[in-house]
Amino acid sequence: MNPSPFVTVLLVISSVAVSHGLFWATVLIGLNQKLSNRLLACLLIMISLRVGKSTVGMLMPEYQIFFSGVGVVSMSAIGPLLLFCAHSLFDSNYKLKLREWLHFVPSIILMIALLIKQYYINGAYTVFTASVLIYMIATLIFLWTNRETFRADDMKWTWIMFIIGAIAVLWITFVCQLLFYRPLVYQSIVITAALLFYSLSWYAIPRSRLFIAEPQKKLSDAQTYQVLGSRIQKLLEEEEVFINTDLTVSTLATKLKCPAYMVSRAINQYFNKSFSELIVEFRIKKAEQLLLADSQRSLTIEAIAFESGFNTLSAFYKSFKKINGITPSQYREKELRVKS
């Protein structure tokens, strides 16, 4: 039986959207070795499989159960990939360790279970639709906990929020599919996925810094970034611009009167750090000075945190302990004992 014109159009939209997602994933994998790129590529592949199974299922209804299995397995991986993608985007040294790989154990168990018996498909869809929500919440908690550091790189912050928002919209269509098993819901999933894939591409293309690893520069470029790096260091050391709690790459670039991408690259090459890592380091150094200054002995830990550029006490404690291994109070007591 030939599909109706509407179904034919829907199949075309779905096929193009899925193909676009898979093509983008292939480009990201081949682009460089950045873990954030590879995790995003895997996320795009899993979303493409989850959406594409509906398309293939309409074309080959006799294999509907098999493709439903593919869809639920891919659904089980979306949540962990989103969380790890957020981690790797803001931490260039982030690696997938054993504890991270354990998040994919349910996907492996599910694949084995579905090979034995397809009875589990409906229940698995419910469980892993819920798991996507749980991982989205976990990702948002991770980002919100570190917001003071991460929001400094406003391009990355906006990008990850864009991704989370896109998956949240798609997740709503998945929930509708569970609640209302109708053709209209399948159609909304396909159309929503197509719009999201192209929206993400539209946002990402002019912001290539998110995906391109820093190449070895020619001598002239290296000198340019060396000069810019020294200007950044001067601003941080002499003008202490880091005490501005709202400081971002863009605001620093405006102050330096140069493009934000150049500021980011200069920091990467001159300091061998990311923008957020550099700002936190300077803020902690400022806090250490205030903790030990005789004239500032009356300042509370909270006051020192704010004077150093932190806008939350929890972020200050977390960053200070990460760098020094002890709390600010312990640091003050230890250094004062040494002096006496």
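The model is predicted, and its secondary structure consists of 16 helices and zero strands. Of the 340 residues in the chain, 46% are buried.

**Two pairs of packed helices**

Two packed helices are described by the angle between their axes and the distance between the axes. Helix 6, which covers residues 121-145, packs against helix 8, which covers residues 154-179, at an angle of about 160 degrees, and their axes are 10 Å apart. Helix 6 is therefore roughly antiparallel to helix 8, since an angle over 145 degrees counts as roughly antiparallel. The crossing in which helix 6 passes helix 8 is left-handed.

On the side of helix 6, the residues that meet helix 8 are Tyr125, Thr126, Thr129, Val132, Leu133, Met136, Thr139, Leu140 and Leu143. Their partners in helix 8 include Trp157, Ile160, Met161, Ile164, Trp171 and Phe174. Sorted by class, the contact of helix 6 with helix 8 has 16 nonpolar residues, three polar residues and no charged residues.

The second pair is formed by helix 13, residues 275-292, and helix 15, whose axes come within 10 Å and cross at roughly 90 degrees. That angle makes helix 13 roughly perpendicular to helix 15. Val280, Glu281, Ile284, Ala287, Glu288 and Leu291 in helix 13 are the residues that meet Phe316, Ser319, Phe320, Ile323 and Asn324 in helix 15. The contact of helix 13 with helix 15 divides into seven nonpolar, two polar and two charged residues.

**Two residues of helix 6**

Which residues does Thr139 touch, once those up to four places away in sequence are set aside? Thr139, which is found in helix 6, touches Leu82, Leu83, Ala86 and Ile164. Of these, Ile164 is also listed among the residues of helix 8 that meet helix 6. Thr139 has a relative accessible area of 0% and is buried.

Tyr135 also lies in helix 6, and at 17% relative accessibility Tyr135 counts as buried, because the word buried is used for values under 20%. Not counting residues up to four places away in sequence, Tyr135 touches Gly79, Pro80, Leu83 and His103. With His103 there is a polar contact of 2.7 Å between the two side chains. Tyr135 and Ile78 are 57 residues apart in sequence, while their C-alpha atoms are 8.6 Å apart in space.

Leu40 belongs to helix 2, which runs over residues 35-59, and Leu40 is buried with a relative accessible area of 5%. Leaving aside its neighbours within four places in sequence, Leu40 is in contact with Leu28, Cys85, Trp159, Ile163 and Phe211. In the case of Cys85, the separation from Leu40 is 45 residues in sequence and 6.2 Å in space, taken from C-alpha to C-alpha.

Ser308 is found in a loop, namely the one between helix 14 (301-307) and helix 15 (313-324). Is Ser308 buried or exposed? Ser308 is buried, with a relative accessible area of 0%. Without counting residues up to four places away in sequence, Ser308 touches Phe242, Ile243, Arg283, Lys286, Ala287 and Leu290. A polar atom of the Ser308 side chain lies 3.4 Å from the backbone nitrogen of Ala287, and Ala287 is also one of the residues of helix 13 that meet helix 15.

Lys257 is found in the loop between helix 11 (249-256) and helix 12 (260-270), and its phi is near 60 degrees, a positive value in a residue other than glycine. Asn272 is found in the loop between helix 12 and helix 13, and phi of Asn272 is likewise near 60 degrees, a positive value in a residue other than glycine.

The table gathers the relative accessible areas of residues discussed above.

| Residue | Relative accessible area | Class |
|---|---|---|
| Leu40 | 5% | buried |
| Tyr135 | 17% | buried |
| Thr139 | 0% | buried |
| Lys257 | 77% | exposed |
| Asn272 | 68% | exposed |
| Ser308 | 0% | buried |

Methods:
Residues numbered from 1 in each chain as written. Predicted model: local features only at pLDDT ≥ 70, side-chain atom pairs only at ≥ 80, totals over all residues. Heavy atoms only, no water. Axes fitted to C-alpha atoms, helices over the stretch in contact; angles between N-to-C directions. Helix = DSSP H or I, 4+ residues; strand = E, 2+ residues; numbered from the N terminus. Parallel < 35°, antiparallel > 145°, perpendicular 65-115°, else oblique. Left-handed = near helix turned anticlockwise from the far one by under 90°. Contact = heavy atoms within 4.5 Å. Nonpolar A, V, L, I, M, F, W, Y, C, P; charged D, E, K, R; others polar. Buried < 20%, exposed > 50% of the residue type's maximum accessible area, 1.4 Å probe, protein only. Polar contact = N/O pair within 3.5 Å; in protein donor to acceptor, adjacent residues only side chain to side chain.
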